[in-house]
Amino acid sequence: MAYVTNLMVHEVLEAVSKKKSKAEKIKVLKDNESWALKDIIRGSMDSTVKWNLPEGTPPYKPSRAESAPTNLLKENSKFANFVQGGKGSKLPAFKREQMFIGLIEGIHPEDAKLVVDMINKKTPKGLTRPLVKEAFPGLLRDD
C-alpha cells in the first residue's frame, strides 16, 4: 500500500502531541499514515525489534532543516540494515554504524532525533501503547 503524506514524521508526531483527546490523536496518525511513521513507532515501542547499533547518540552532524538532502519518508527502508537479524547483520559494525550516521545526517534534524530516540527505545512524545494499538492494529507485535 502506498501512502501519501505532506508532513514529515516529526511534524506528524508533533501534531499528535498537541492534540488533547485520544480520538483527535488517532485521526492525525491515520490521516498521515506512512511506512516511515509506522517504522518509527514500531522501532521505538515494540520490544521484538532489537537494534544492532550501540546505545546512545552517535557522533553526527545534523543537516540544516531547510536543506536536508533527503527525508525520512524515503530513507526509512534502510532501517532493515540496523535491526538484529536484518540485511546489515553480516556487515562489520563500523560499516553499519557509518551507514546509520549517513542516514541521520541526510534527513531533517528533527526526524534524525526521532531515529536516534528510536534505536534507544524512547517512545515518541504523545504516544501510548493503547493509542498506537487503536490507530494501527497489529503494528506492535510484542503483546
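Helix 1 (9-18) and helix 3 (35-45) come within 9 Å of each other at their axes and cross at roughly 65°. The axes are lines fitted to C-alpha atoms over the stretch in contact, with angles running from 0 to 180 degrees between N-to-C directions. Helix 1 and helix 3 are therefore roughly perpendicular, a class that spans 65 to 115 degrees. The crossing is right-handed, meaning that the near helix is turned clockwise from the far one by less than a right angle. Val9, Val12 and Leu13 of helix 1 make the contact with Ala36, Leu37 and Ile40 of helix 3. Contact means heavy atoms within 4.5 Å. Helices are DSSP runs (H or I, at least four residues), numbered from the N terminus.

The model is predicted; local features need pLDDT of at least 70, side-chain atom pairs count only at pLDDT 80 or more, and totals for chains, interfaces and linings use all residues. Residues are numbered from 1 along each chain as its sequence is written, and side-chain values use heavy atoms, leaving out hydrogens and water.

The largest nonpolar core holds 37 residues. Such a core is a set of buried Ala, Val, Leu, Ile, Met, Phe, Trp, Tyr and Cys residues joined through side-chain atoms within 4.5 Å. Buried denotes under 20% relative accessible area and exposed over 50%, with a 1.4 Å probe and protein chains only. Leu29, Ile40, Ile41, Phe79, Val115 and Leu127 touch the most other members. Helices 1, 2, 3, 5, 6 and 7 each supply at least two core residues. Helix 6 (109-119) gives the largest share, 6 residues.

Leaving aside neighbours within four places in sequence, Ile40 is in contact with Val9, Leu13, Leu72, Phe79, Leu114, Val115, Met118 and Pro124.

Phe79 lies in the loop between helix 4 (72-75) and helix 5. Its relative accessible area is 5%, so Phe79 is buried. Residues up to four places away not counted, Phe79 touches Asp39, Ile40, Trp51, Leu72, Leu103, Val115 and Met118. Asp39 is 40 residues from Phe79 along the chain, yet their C-alpha atoms are separated by 8.2 Å.

Helix 2 (22-31) has Lys25, Ile26, Val28 and Leu29 as its buried residues. They lie on the same side of helix 2, because they cover an arc of only 160° around the axis. The arc is taken from the directions from the helix axis to the C-beta atoms. This buried set packs against helix 1, helix 3 and helix 7. Exposed Ala23 and Lys27 sit on the face turned away from the buried side.

Note on methods: Angles under 35 degrees count as roughly parallel, over 145 as roughly antiparallel, 65 to 115 as roughly perpendicular and the rest as oblique.
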